Amino acid sequence: MTTFHTASFKDRDAQVVIKNNEVYRLIYDSYKEPYEKLMQSGLYEMLISKKMLIPHIETENFEPVYKTLKPQKVFVSYPYEWCFSELKDAALLTLEIQKLALEYGMSLKDANAYNVQFFEGKPIFIDTSSFEIYEETKPWCAYRQFCMQFLAPLAVMAYKDERLVSLLETNLDGLPLDIASKLLPKSSWLNLKLLSHVHLHALAQKNYSGCHKKIEVKFSKFQMEALLNDLTECIKNIKLPKSKTEWGNYYNETNYSDESFEQKRKIVNVFGEKINPETVVDFGANNGAFSRLFKEKSKLIVSADIDFSAVEQNYAITKKEKETNILPLVLDLCNPSASVGWANEERSSFFERIKDSELVLALALVHHLAIGRNVPFSKIAKLFSSAGKNLIVEYVDKKDSQVEKLLSNRKDIFDDYSIENFEKSFGGFFDIVEKRHIDNTFRTIYLMRRKEK
Amino acid sequence: MSKNIFKYSFIFFIPIFLLPQQAFAYLDPGTGSMIIQTLIAVFGSIGYAGILFRKKIKSFFERFRKTK
């Protein structure tokens, strides 16, 4: 059975469909000319060689269309789950592709951040049907979209707070420029590039919002290159201030010795080898120290944390070490990305995308959820069981100084927080395969297997 | 503050009427984006031409140094 992808309905030239769990891109007759130009001009090969565009193979048509493409499968993440540098790299990739496309007589007809995904450690463009034949004299039709999807969120994250990237979840077309302009500090008006691309852009939009007149505009290729150069410089110059958070240095600030930390690594490694998982989702991954234990064993490790600085650090490590299978993402487990967009299904929820991973890793996390966020053990266990078939989880006792810290300024209402209750609640969803205590600590690591119904 | 800036930004918008060649384009509610994009490109072209010129000069001297 063929079903249309829930996010693929805006383009009239091509559509993404799912058939037998495989993703295909149907190219309609209306897109024949641009598609042929993409494939025959050398642009496709060049972008593939630079690993900037997702490769595809042409397969037999199972619908009456011009071509059926089968692209390389990727794990889908969304801009509101990315840290600042991930969004910035995605923006620079989009601009670079547009510059290269111009050299081959083509242009991007949209600059949607959702057209970029992370594959083998790098951002990659996944929308093969986004290229149109470039007509000199035309301005870049995707300019406004680029500013809303990339430039404005990056500026707001850098000038105000990285957490404001969450505005993209409620504004799927990108951050409205008038909102960005209001959010940015007055000092940003002194930045010529932000002044023009955000503030004056927002004012111009407002001023011309009722205008439906035909006007005559000439936009040369040189001017297009100048615009792209200006946008590139603007994006490159938007930088995050160096700031530390409570969790950013977590692994340097543990309350146990190096020996205990090493023992914890060994236990997780031994448990991991018993599973040999192809897919891992690491909740509360911090900078990905434990995610990296699986980088030789697994195809994909989704390394998620609530803390932006930790995710930023994690992404910096993946880039530095050229790691191809670790994907750092921002995730608040108490409010994970929901199904949003048209009919509440255009962008799927985080748990829909990671469900049935082979291994869930939840180290030094349960006490934060149970005590820090008042979530009962049974609810935590249920959530973890929806994410994966196996679980490596750490129980941290109340005697541990990290838990004492959590309870230091509040009334201890957590009489049910005990290792017995932990095992009983998790036992409702998992079979406990093995457990090992970390010497000289109040911590125990469990290997569990999901109970299949 | 923003109102004042926009009030006097007409100077910034003047070149739109001085563009030498013209082509037709239907303008939708994104008219403002088209206009601002054109203006940025017009002004940006000057700086961009400078960058390209500087690169050419640099590569010329580098070539000259290599042949020496």
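Begin by selecting the five strands of chain A that form an open sheet in the order β1-β2-β3-β5-β4, with antiparallel pairing. Strands pair here if DSSP finds at least two bridges between them. Strands (E, at least two residues) and helices (H or I, at least four) are DSSP runs, numbered from the N terminus. The model is predicted: local features need pLDDT of at least 70 and side-chain atom pairs count only at pLDDT 80 or more, while totals for chains, interfaces and linings use all residues. Residues are numbered from 1 along each chain as its sequence is written, and chains are lettered from A and ligands numbered from 1 in the order in which they are written.

Next, select β1(A) together with β2 (residues 14–19) of chain A, which pair in the antiparallel sense over three bridges. Within this pair, A:Thr2 stands opposite A:Lys19 of β2(A).

Now move to two helices of chain A, α3 (residues 84–103) and α4 (residues 143–159). Their axes come within 10 Å and cross at roughly 145°; axes are lines fitted to C-alpha atoms, for helices over the stretch in contact, and angles run from 0 to 180 degrees between N-to-C directions. The contact is made by A:Phe84, A:Leu87, A:Lys88, A:Ala91 and A:Thr94 of α3(A) and by A:Phe146, A:Phe150, A:Pro153, A:Leu154 and A:Met157 of α4(A). Two residues are in contact if their C-beta atoms, placed from the backbone, lie within 7 Å.

Continue to helix α9 (residues 258–275) of chain A, which has 18 residues and reaches 26 Å from its first C-alpha to its last. Its buried residues are A:Gln263, A:Lys264, A:Ile267, A:Val268, A:Phe271, A:Gly272 and A:Ile275. Buried means that 20 or more other C-beta atoms lie within 10 Å of a residue's own, exposed that 12 or fewer do, and partly exposed covers the range in between, with C-beta atoms placed from the backbone. The cover over these buried residues includes β14 (357–362), β15 (388–396), β16 (430–437) and β17 (443–450) of chain A. Just after α9(A), select A:Asn276, which takes a positive phi of about 50°.

Finally, turn to chain B and select B:Arg65, placed in helix α3 (residues 31–67) of that chain. Is B:Arg65 buried or exposed? B:Arg65 is exposed, because 8 other C-beta atoms lie within 10 Å.

Key. Expected span 1.5 Å × (residues − 1).
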